[in-house]
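Welcome! Let us take a walk through this structure together, starting with the whole chain and ending at one side chain.

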Amino acid sequence: MWRELWTLAARAARGSRRLCTGQSSRAPAFGSGATIFALSSGQGRCGIAVIRTSGPASSHALRSLTAPRDLPPARSASLRLLSDPHTGEPLDRALVLWFPGPQSFTGEDCVEFHVHGGPAVVSGVLQALGSVPGLRPAEAGEFTRRAFAHGKLSLTEVEGLADLIHAETEAQRRQALRQLDGELGQLCRSWAETLTKALAHVEAYIDFGEDDNLEDGVLEQGGPTWGSKVEMAGILSFQRPSSPTPLCLLSPSTADSEVQGLVVALDAHLRDARRGQRLRSGAHVVVTGPPNAGKSSLVNLLSQKPVSIVSPEPGTTRDVLEIPVDLAGFPALLSDTAGLREGVGPVEQEGVRRARERLGQADLILAVLDASDLTSPSSCNFLDTVVALLGAQSQRLLLVLNKSDLLPPEGLGPSLDLPPHLLLSCLTREGLDGLLEALKKELAAVCGDPSTGPPLLTRTRHRHHLQGCLDALGHYNQTRDLALAAEALRVARRHLSHLTGGGGTEEVLDIIFRDFCVGK
């Protein structure tokens, strides 16, 4: 239905342009000065729907649809009657808001129509806007792209906005808000300033090395330096062939010391084990154990829906069942796997093989045993092989002893020598809070804690540019030529600029803004 409404609005806009200009009906390209409009609220019947415009004809569109015709006070809600601009037929009584540029989301003149959310009302308003000369339906993400083009958002902030719209867990929301607030962009800009200062000093020697008019403090002593680059106490130095004493190019508080500090910071961010990307896409949590330990019951409990078949018959789960879940506020892909035993038949053997394969791919493993059957051969074998082996490999693992409701009053008993574990009853839910708290701690280590610490790298693009910057600084440290050192600093600074959106190619921008819905 909503696709049909949008088609009608697009046809109305095309028809209006043909009547007014006699030109092609092709929609203007981005940046051509066209005014765009779109339904910005969610699709479907709702109490209130928000339709907005952006562009130079926004004020004309507002005057065309409302009575009285004068513009309302800026950034104040006003109740207006909306009417068809050609027939005068009433469409709805709505709240309208006028945002004159540049003090708006996109930096352009913007209008918001808060109308009743029925399909007929929305359709009527969209068609009315499409009939106003100079207006056309917006492309996906075009409002945000205009905000980026007018300097309202950096590229990392745009990505944070997209992540906030798609956030499904508390941790994802916190991380997206931090990125939308500009923390990653501000960090990159501070790094770029460090490189700019270092580059300015290096180029000062290249361009004005023998000029006595250099400001005090740019050079510590002497004039230009020629010859080889040497390192002295972390200071970038050059030595004249005829001079027995190295002449410092930069003071310790600027050039090399700050560049080396930047190298350390970049390396630390790149060694984050891709926590930010896991936080954005979800950590892989695999549930494993021998047959009939209650793995499927645990998956159903954590996902809060009957994902897996639960049966007392061993070998019920034969394939890997995966479901995205919210675990203690963190996104996770939860995998239910076949019970680990010598498979009965080729189908179960393949299920066991796939289960073992998933263990090697897991970010976190939930190893489940029957608390009332810990002395059985299957439980002992699982503890001695799987749990012990994964522990030796330093893989993150939580040992969960299920069916605690079947234990005697005295509990497990002192004779059992078990690694650290959690008691749980999937039937009574006793011990669930403790398990969720342990999951929160482990997933915070895997995905990073979005509430504290430095900004996380949530996309492959971020890592690519930081690695490129680090590689360029590696060339800077190795070169003995002033011109090559300056070029290495320029390349490093260019990578940081691309990360925040400066000089980005159209192809990269298209991919990023494609993730937005129409109206955002």
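Of the 520 residues in the protein chain, 49% are buried, where buried means under 20% relative accessible area, exposed over 50% and partly exposed in between, with a 1.4 Å probe and protein chains only. Please keep in mind that this is a predicted model, in which local features need pLDDT of at least 70 and side-chain atom pairs count only at pLDDT 80 or more, while totals for chains, interfaces and linings use all residues. Residues are numbered from 1 along each chain as its sequence is written, and side-chain values use heavy atoms, with hydrogens and water left out.

The protein chain holds 16 helices and 16 strands; these are DSSP runs numbered from the N terminus, helices being H or I with at least four residues and strands E with at least two. A contact means heavy atoms within 4.5 Å. Among contacts in the protein chain between residues at least 6 apart in sequence, 65% join residues at least 24 apart.

Now look for the open sheet. Seven strands form it in the order β3-β4-β5-β6-β2-β1-β7, with mixed pairing; two strands pair if DSSP finds at least two bridges between them. At the edges stand β3 (66-67) and β7 (135-137), each with a single partner strand, so one side of each has no neighbour in the sheet. Within this sheet, β1 (residues 35-39) and β2 (residues 46-54) pair in the antiparallel sense over four bridges, and Ile36 stands opposite Ser54 in β2. Helix α3 (residues 119-130) lies across β1, β2, β4, β5, β6 and β7, and runs at about 150° to β6. For such angles, axes are lines fitted to C-alpha atoms, for helices over the stretch in contact, and the values run from 0 to 180 degrees between N-to-C directions.

Further along, you will find a hairpin. Its strands, β12 (residues 321-327) and β13 (residues 330-336), pair in the antiparallel sense over seven bridges. Val325 has Ala332 in β13 as its bridge partner. Two residues lie between the strands of this hairpin, where Ala328 takes a positive phi near 55°.

Our last stop is Arg178, in helix α6 (residues 170-180). Is Arg178 buried or exposed? Arg178 is buried, with a relative accessible area of 13%. Its side chain reaches the backbone oxygen of Pro450 at 2.9 Å, and a polar atom of that side chain lies 2.6 Å from the backbone oxygen of Gly453. Not counting residues up to four places away in sequence, Arg178 touches Glu183, Asp449, Pro450, Ser451, Thr452, Gly453, Pro454 and Pro455.

Definitions and conventions: A polar contact is a pair of N or O atoms within 3.5 Å; within protein, one must be able to donate a hydrogen and the other to accept it, and residues adjacent in sequence count only if both atoms are side-chain atoms.
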